[in-house]
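This report treats an interface between two chains and the surroundings of one residue. The sequence and structure are shown first.

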Amino acid sequence: MTLGEVAAQTGGWVAPEAASQEISGLASLDDANPGDLAFFANPKYLKALRKSRATAVLVPHGFGEKISPVRIWVDDPGVCFARLQPAFIPPAIEFSPGVHPSAVVSPEAAIGEGVFIGPFVVVEPGAKIGARSIIAAHSYIGHGVQIGEECRIYPNVTIYERCTLANRVFIHSGVVIGADGFGYEFRDGAHQKIPQTGIVQIEDDVEIGANSTVDRARFGRTWIRRGTKIDNLAQIAHNVTIGENSILCAQVGISGSTRIGNFVTLAGKAGINGHIEIGDGVLIGAMSGVTKSVAPKDIFFGAPAVPVKDYMRNFALMKNLQKLFDRVKKLEADQASRD
Amino acid sequence: MTLGEVAAQTGGWVAPEAASQEISGLASLDDANPGDLAFFANPKYLKALRKSRATAVLVPHGFGEKISPVRIWVDDPGVCFARLQPAFIPPAIEFSPGVHPSAVVSPEAAIGEGVFIGPFVVVEPGAKIGARSIIAAHSYIGHGVQIGEECRIYPNVTIYERCTLANRVFIHSGVVIGADGFGYEFRDGAHQKIPQTGIVQIEDDVEIGANSTVDRARFGRTWIRRGTKIDNLAQIAHNVTIGENSILCAQVGISGSTRIGNFVTLAGKAGINGHIEIGDGVLIGAMSGVTKSVAPKDIFFGAPAVPVKDYMRNFALMKNLQKLFDRVKKLEADQASRD
Amino acid sequence: MTLGEVAAQTGGWVAPEAASQEISGLASLDDANPGDLAFFANPKYLKALRKSRATAVLVPHGFGEKISPVRIWVDDPGVCFARLQPAFIPPAIEFSPGVHPSAVVSPEAAIGEGVFIGPFVVVEPGAKIGARSIIAAHSYIGHGVQIGEECRIYPNVTIYERCTLANRVFIHSGVVIGADGFGYEFRDGAHQKIPQTGIVQIEDDVEIGANSTVDRARFGRTWIRRGTKIDNLAQIAHNVTIGENSILCAQVGISGSTRIGNFVTLAGKAGINGHIEIGDGVLIGAMSGVTKSVAPKDIFFGAPAVPVKDYMRNFALMKNLQKLFDRVKKLEADQASRD
């Protein structure tokens with residue numbers, strides 16, 4: 001699309017000499033590369049605007065600063081940007097209801113209304129798929145697995161036997177739900193496997209990112225409560241409970257039997273010890289290693305993790321540590337000169 | 001099952017007013033949620049008992065403390081608990097021997113007695129599957145791969161060509177065995193791939209958790225010796241050797257050509273440098289980064305990892321560092337007041 | 001192969017009493033185990049030679065030191081070693097062009113000359129596979145995905161809709177390209193999903209290791225530029241740009257909208273914050289956590305990461321910290337004795 005066309009479609013104005021330039025995509029100011037159109041609606045993004053690599057930016061009428069991208073003046077940059085999206089974003093892929101002829105669906109499985117089951121899917125006996133759910137290609141739905149309504153299981157997902165997903169659960173490719181918890185007993189000179197006979201239970205509106213793993217419980221359940229969102233490559237061990245509306249960033253790891261509260265945020269690569277409790281509303285910083293229970297609303301950083309206040313203080317002390325050595329050296333010299 | 005029924009089946013006693021309450025699962029004191037039955041057999045778990053969320057607990061006759069779960073008095077809580085398990089734990093899934101008609105098994109592959117090969121499995125020419133092994137749905141067994149007896153390959157596993165697994169090896173879903181080691185040579189302005197022509201060799205009784213990766217060797221083999229257990233999302237690089245009966249927790253990473261001894265424990269998210277040796281019986285703490293070889297039986301913590309004694313000392317010193325700054329300030333003030 | 005045969009094939013000499021010993025593989029001095037043959041061509045590997053577990057080593061004529069492996073004297077150890085490789089390394093697996101009859105390839109997909117499509121592959125409408133590319137078993141190629149020439153997609157790979165791969169891109173098993181970026185907006189008491197409508201664009205000669213994940217952009221693209229190599233279990237978030245010829249080691253994680261330059265090295269398990277820039281030629285140490293932008297050519301270590309010089313200084317200060325406490329104690333004692 002040319003900048004002239006952008007201006008026409010948004011009722012805006014662009015300098016005639018720039019009107020023939022082309023854009024091929026939309027992006028935020030920050031993310032834009034040459035060829036992208038971005039928008040600037042809020043003065044707090046002025047710094048991002050000045051650094052933006054966008055070819056052109058929608059700016060509000062009256063915006064006078066000379067910037068590196070071409071300016072297209074419009075009435076409401078955010079609204080105009082949203083209006084342009086359909087031209088650049090193809091419609092979402094539709095999966096029409098039906099079972100692909102290649103799928104192996106047990107006659108003892110129950111498939112709801114309007115379900116899509118893709119090529120090479122396996123649905124084992126006793127499994128139940130709720131209405132309007134999508135089970136994409138190559139996914140494996142084990143014996144007795146319960147999947148609710150309007151769930152979306154992306155390609156190449158594995159769900160071991162008897163695990164349950166409620167409604168509107170999204171599971172991205174490569175995720176493994178319900179593999180055995182990591183439990184052994186050392187006996188007769190070898191690590192003997194402790195049977196992992198529990199399940200994984202996932203409540204409404206949970207989303208789990210690509211290649212994450214959630215192990216089944218020894219007894220009972222590993223439990224992810226409603227509204228919690230988990231990023232890619234995260235590890236949830238056996239018998240962990242994660243509360244409602246929590247956020248687990250990529251590569252997080254939670255050891256066995258730990259309880260995570262509601263509205264908890266675990267930033268990227270955080271590691272949480274087993275058999276502890278993380279209270280509601282806690283924030284754990286990226287790459288932190290939490291060894292003990294954390295009270296509600298606390299903020300912990302570092303490995304081992306400490307309250308953010310202590311973490312910041314230690315950081316400041318470390319910064320001045322060389323000076324402390326110098327000060328002690330001077331004290332010693334002063335004292336020596338006195339003797 | 002009602003608590004009355006639990007009491008009846010275990011020859012125990014429960015207060016009549018609680019007999020109609022229902023339990024739906026079994027759990028440890030620690031892991032129990034409302035609806036679960038737990039058991040208390042050993043005084044050292046008294047603290048866990050007092051905090052338990054279980055609906056009811058099997059306790060020994062004579063146990064008099066008032067606790068929040070309902071008490072069911074029985075002769076031997078551990079034995080009674082084990083006796084109840086069959087009622088709550090469905091029997092393990094049986095995979096009857098046979099090759100699913102959808103599987104693509106090369107006529108040049110050798111399939112042993114009593115093997116199960118699931119839907120959409122691919123077994124390439126020259127592969128060999130030992131007696132009574134299970135190759136679950138969607139797994140890929142590459143050219144010339146050797147799998148021993150009574151192995152269990154869960155759904156969606158990939159084993160690249162020529163790798164070997166001995167007997168009773170369990171590989172969970174999403175694991176990739178034998179992908180190319182990460183080796184390049186910088187030449188002519190680009191990273192040129194170094195062919196990775198070795199294999200992965202896995203000995204008896206090894207178990208590997210979901211979505212872990214074990215790369216093939218440049219020459220020779222990446223080698224996992226018997227009885228070693230590996231958790232989820234671990235990374236074993238090319239030419240690594242892991243000894244017997246070692247334990248690798250989730251998200252551990254081991255760089256190329258490193259040798260890990262027997263009975264080593266690598267706790268969660270530990271990272272081990274390349275080309276080093278970790279002696280027999282070593283323990284590496286969670287999230288530690290090991291840069292140099294570690295002598296047998298040593299315990300290392302931290303990133304970079306140091307002997308646990310040094311780690312603890314540093315931790316204590318850091319705790320008192322603010323006070324040290326204060327003490328130096330006071331010394332300076334005293335000295336100034338003297339001048 | 002016996003050592004006598006090795007000597008014969010390389011025009012070398014071995015002591016007659018050792019000639020009947022067998023080797024079964026080749027390895028580097030470092031990686032060799034009993035049964036392996038290694039070679040010693042460069043004096044800088046003398047230490048590795050002395051510690052080598054190899055059964056035998058090719059050494060240059062005139063090498064006189066007594067070592068534990070059997071010596072086989074040859075003209076040029078490196079050249080002779082390379083000449084022996086074909087006897088030990090089976091030829092690479094050939095995938096003859098063609099579409100396996102079990103594959104589900106949309107008639108609306110475009111398949112180039114000489115392409116191999118393996119069993120149970122799914123190619124959705126609008127996808128395009130360039131000449132001589134290999135799409136191995138169980139891989140899923142989404143709607144409108146563009147794959148260039150001579151690419152190699154290993155088994156069990158998932159590529160979501162509209163992502164693009166240029167030429168000679170290698171994607172190992174379990175990789176997920178184009179899953180949704182991790183973006184939510186908190187509204188009406190819940191985390192609402194922000195649609196991720198962009199793509200992943202991968203340029204020529206990129207290789208991505210097993211079970212890594214590259215998320216699609218919110219708008220625009222997550223972009224991996226030519227020649228970059230990524231190891232296993234790495235996480236690349238939405239809208240990240242990675243420049244040319246960079247190296248990302250295993251278990252690295254990069255948060256959203258960050259830009260990584262050309263010839264950057266991110267060592268194992270490094271974590272990079274979102275919305276920052278890592279300049280060309282930067283080296284980030286293993287397990288480091290980068291919180292702020294890093295200027296070109298800088299070397300950063302630690303979590304939080306600091307310039308390597310500061311990191312080393314802090315490390316040295318920590319080593320002497322106990323002594324500093326002792327020195328302060330002595331100063332205090334001296335002062336007390338003076339009063």
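## Interface of chains C and A

At the interface between chain C and chain A, 27 residue pairs are in polar contact, both residues at pLDDT 80 or more (a pair of N or O atoms within 3.5 Å; within protein, one must be able to donate a hydrogen and the other to accept it, and residues adjacent in sequence count only if both atoms are side-chain atoms). On the chain C side, α5(C) contributes the most, with eight residues (helices, H or I, of at least four residues and strands, E, of at least two are DSSP runs numbered from the N terminus).

The model is predicted: local features need pLDDT of at least 70 and side-chain atom pairs pLDDT 80 or more, while totals for chains, interfaces and linings use all residues. Residues are numbered from 1 along each chain as its sequence is written, chains are lettered from A and ligands numbered from 1 in the order written, and side-chain values use heavy atoms, without hydrogens and water.

## Salt bridges

Three salt bridges are found between chain C and chain A (a side-chain nitrogen of Lys or Arg within 4 Å of a carboxyl oxygen of Asp or Glu). R327(C) pairs in a salt bridge with E332(A), with 2.8 Å between the closest N and O atoms.

D180(A) is located in the loop between β19 (176-179) and β20 (184-187) of chain A. With a relative accessible area of 14%, D180(A) is buried (under 20%, 1.4 Å probe, protein chains only). The side chains of D180(A) and K193(A) are joined by a polar contact of 2.8 Å.

Notes
Buried < 20%, exposed > 50% of the residue type's maximum accessible area, 1.4 Å probe, protein only.
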